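Subject: Structure for you to look at

Hello,

Here is the structure I promised, with my notes below it. Please read them with the model open.

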Amino acid sequence: MLGSVLAELGHEPGLVKYVWVEDDATALEQQFVGSPTFRVNGADLFPADPREQYGLSCRMYIRRNGRPSPLPDVEDLRAALGTALLPKELEPQPN
Amino acid sequence: MAALEIGEKVPGFTLPATDGQSVEFVPGESPAVVIFTCNHCPYARAWHERLNDVARDYAGRGVQFLQVNSNDVNRSPGDSLQAMAARVSAGEFAGPYLHDESQKVARDFGATVTPDVFVISADGDLVYHGAPDEDHDEPKLEAQWLRAALDDVLAGRPVELASTKPVGCTIKWVA
């Protein structure tokens, strides 16, 4: 899903860095509230409730139809990425 | 920790519900469904309505339906007894929601994820283990695997589809 949304927005899938969080210490270090978490430049695309505890957990997203889901709504992901990422033509060009 | 095998006798248990009352499961008294679930898992929440519809639909047919939360509250604070009670008070459950604080019942059944569905015959044998249906994201499936197993049990037939892969978040074990 992430790859196809990035492609739609004109970005390369290679832009994505995957971080495996496999223990509680890493979860704490990464301030990880659950899987999957999508961050752009360190900022969570879907900010979690501040009361959420760091740890190895699944995140629950609520889709636009109101249904709970292990993944965000693709429209929400598209909107969040579109806001967080500059359009390709506006990226700084090398001199 | 191995899951119970199809055909194996299942263990009984007594667990507190959210109102503090103990609920006893005695295998061999009636057909039963034991579902390991929780508050915080998106798969459990996605299947929740379907499962509770089954509980309502089969209650009048002598099927005991028990939903059990075995998650460690330290690893998953959203699975506290208070949070469980809030959901019950809100009418979200068609039957008792039991707190397996020691996680013994989950271990005895070999439950691994939420939701993890176990159907027990009137003889106390495990006759179905797995997911409610094929897709957590398709409400129209109506927990058809679970319903089919119950229909077979109530008709006195061998369960045709006895085993599927349970799908969900891992049970949060005490560290």
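B:Pro115 sits in the loop between strand 6 (113-114) and strand 7 (116-120) of chain B. The peptide bond that joins B:Thr114 to B:Pro115 is cis, with omega about 0°. Keep in mind that this is a predicted model. Chain A has a cis peptide bond too, between A:Ser35 and A:Pro36, with omega about -5°. A:Pro36 is also a loop residue, placed between helix 2 (24-30) and strand 1 (39-40) of chain A.

On confidence: the mean pLDDT of chain B is 96. In that chain, 99% of residues reach 70 or more. For the complex, the predictor gives an ipTM of 0.80 and a pTM of 0.90.

Next, the sheet in chain B. Five strands form an open sheet in the order 5-4-3-7-8, and the pairing is mixed. Which strands stand at the edges? They are strand 5 (97-99) and strand 8 of chain B. Each has a single partner strand, so one side of each is left without a neighbour in the sheet. On average, neighbouring strands here are turned by 20° against each other, direction ignored.

Inside that order, strand 3 (residues 32-36) and strand 4 (residues 64-69) of chain B pair in the parallel sense. Five bridges connect them. B:Val33 stands opposite B:Phe65 of strand 4 in chain B.

Chain B also has a hairpin, made by strand 1 and strand 2 with five residues between them. Strand 1 covers residues 13-16 and strand 2 covers residues 22-25 of chain B; their pairing is antiparallel, over four bridges. B:Phe13 stands opposite B:Phe25 in strand 2 of chain B. In the turn, B:Gly20 has a positive phi of about 90°.

Is B:Asp133 buried or exposed? It has 23 other C-beta atoms within 10 Å, and the cut-off for buried is 20 or more, so B:Asp133 is buried. Leaving out residues up to four places away in sequence, B:Asp133 touches B:Leu141, B:Glu142, B:Ala143, B:Gln144 and B:Trp145. B:Ser30 is 103 residues from B:Asp133 in sequence, and the two are 23 Å apart in space, C-alpha to C-alpha.

Two of those contacts deserve a look at their backbone. B:Glu142 is in the loop between strand 8 and helix 4 of chain B. Its phi is near 55°, a positive value in a residue other than glycine. B:Ala143 lies in the loop between strand 8 and helix 4 as well. B:Ala143 has a positive phi of about 55°, although it is not a glycine. B:Ala143 counts as buried, because it has 26 C-beta neighbours inside 10 Å.

Finally, chain A and the interface. Chain A contains three helices and four strands. Along the sequence the pattern is α-α-β-β-β-β-α. The C-alpha trace of chain A spans about 45 × 35 × 20 Å along its principal axes. Of its 95 residues, 7% count as buried. Among contacts in chain A between residues at least 6 apart in sequence, 51% join residues at least 24 apart.

Between the chains, 10 residues of chain A are in contact with 11 residues of chain B. On the chain A side, the residues that touch chain B divide into five nonpolar, four polar and one charged.

Best wishes

Note on methods:
Residues numbered from 1 in each chain as written. Chains lettered and ligands numbered in written order. Predicted model: local features only at pLDDT ≥ 70, side-chain atom pairs only at ≥ 80, totals over all residues. Buried ≥ 20, exposed ≤ 12 C-beta atoms within 10 Å, placed from the backbone. Contact = placed C-beta atoms within 7 Å. Nonpolar A, V, L, I, M, F, W, Y, C, P; charged D, E, K, R; others polar. Pairing = 2+ DSSP bridges. Helix = DSSP H or I, 4+ residues; strand = E, 2+ residues; numbered from the N terminus. Axes fitted to C-alpha atoms, helices over the stretch in contact; angles between N-to-C directions. pLDDT = per-residue confidence, 0-100.
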